[in-house]
Amino acid sequence: MIRLDDITLTFPDGDSRLTAVDHVALTARPGTVTGITGPSGSGKSSLLAVAATLIHPDSGRVLIDDIDATQLDPTEATSLRREKIGIVFQQPNLIPSLTATEQLALMNELGGSHSRRNRRTATARAEALLESVGLADSKDKRPHQLSGGQRQRINIARALMNDPSVLLVDEPTSALDQARGASIIDLILRLTDELNTSTLLVTHDLVHLPRMHAVVRIVDGRLVPAVADAA
Ligand SMILES: Nc1ncnc2c1ncn2[C@@H]1O[C@H](COP(=O)(O)OP(=O)(O)OP(=O)(O)O)[C@@H](O)[C@H]1O
C-alpha cells in the first residue's frame, strides 16, 4: 500500500523556487493500478520520484505499508526502497553483459540482507518471473539479442524480483507501438493482480487509461479531476 499525503516538492529556479508537485494526496491500494497522466512538465515524474523515496519532498508524507519514508535516514530509506518498492524507469537500463536471468538475480544481491535469497532460490525466482512475463525462452539472452518490448518485460520482471508491495512505472509504453504498448499494460495489470502490488503508472497514452482501476491527472503540479481526460 502506498499513500502520498499532502506532498509538495519544489526545485531551485533562479532566485525563487519552482513548485513541481503542489499539495498532492494519493492512495493506491494493493492489487490496483492507478494511472497518472497530465501534460509534459506537469510533475508526473517528480511525483513518482517522491513516491520512490528517491527525492525528499519539501513537505508531506510518503507512507509505504504504513512506514513514513520521509522520517527515515538515507540508509533506512534505501533499505525500504530495496525491499518494498519496484521501479520501472522509462529506459530499461539493462546491463549489456548480463543474461536476462542474471539481470534479475543481480537485484537479489542488491536487496536487503534479511530478504536476500540464496543463489539457487534467486535463480529459480528469476526464471519463474521471466516465464510469467512471457520470456521463458529468452532467459539466457543478453539485451542486444532482445526487442524493445522484450527488454521492457525484463525491466518489469526485474522490478518485481524482491516482492515489492509498491510498483512504480514511468511511461512504459513510450518507446513501443500501440499493440506492444497494450500488451505491456496487460502485463502490468495482470502482475499487479497476481502479486497484489499497489501500482502507480505514469503515462501520456490516454488510450490505456480506461483499463486502470483509477486515474489521476496532474496539471501544474496539482491533481485535477481525471474526467477531463475523456474530453
Ligand atoms: N531536477 C530538477 N531541477 C529543477 N527543475 C526540475 C527538476 N526536475 C523537474 N523539474 C521541473 O519540475 C517540473 C515538473 O517536471 P516533471 O519531470 O516532473 O514533469 P513530467 O510531468 O514528468 O513531464 P514529462 O511528461 O515531460 O516527463 C518541470 O517544470 C521541470 O522543469
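This is a predicted model: local features need pLDDT of at least 70, side-chain atom pairs count only at pLDDT 80 or more; totals for chains, interfaces and linings use all residues.
Local features need pLDDT of at least 70 and side-chain atom pairs count only at pLDDT 80 or more, whereas totals for chains, interfaces and linings use all residues. Residues are numbered from 1 along each chain as its sequence is written.

Six strands form an open sheet of mixed pairing, in the order 6-7-8-3-9-10. Strands are DSSP runs of E with at least two residues, helices are runs of H or I with at least four, and both are numbered from the N terminus; two strands pair if DSSP finds at least two bridges between them. Strand 6 (85-88) and strand 10 (222-224) each have a single partner strand, so one side of each is left without a neighbour in the sheet. From one strand to the next, the twist averages 25°. Strand 3 (residues 32-37) runs parallel to strand 8 (residues 198-202), and five bridges join them; Thr32 has Ser198 as its bridge partner in strand 8.

The ligand is surrounded by residues including Phe11, Leu18, Lys44 and Ser45, with C-beta atoms within 6 Å of the molecule. Helix 1 (44-51) and strand 2 (16-28) each supply at least two residues of the shell, and the largest share, three residues, comes from helix 1.

Technical notes: Axes are lines fitted to C-alpha atoms, for helices over the stretch in contact, and angles run from 0 to 180 degrees between N-to-C directions.
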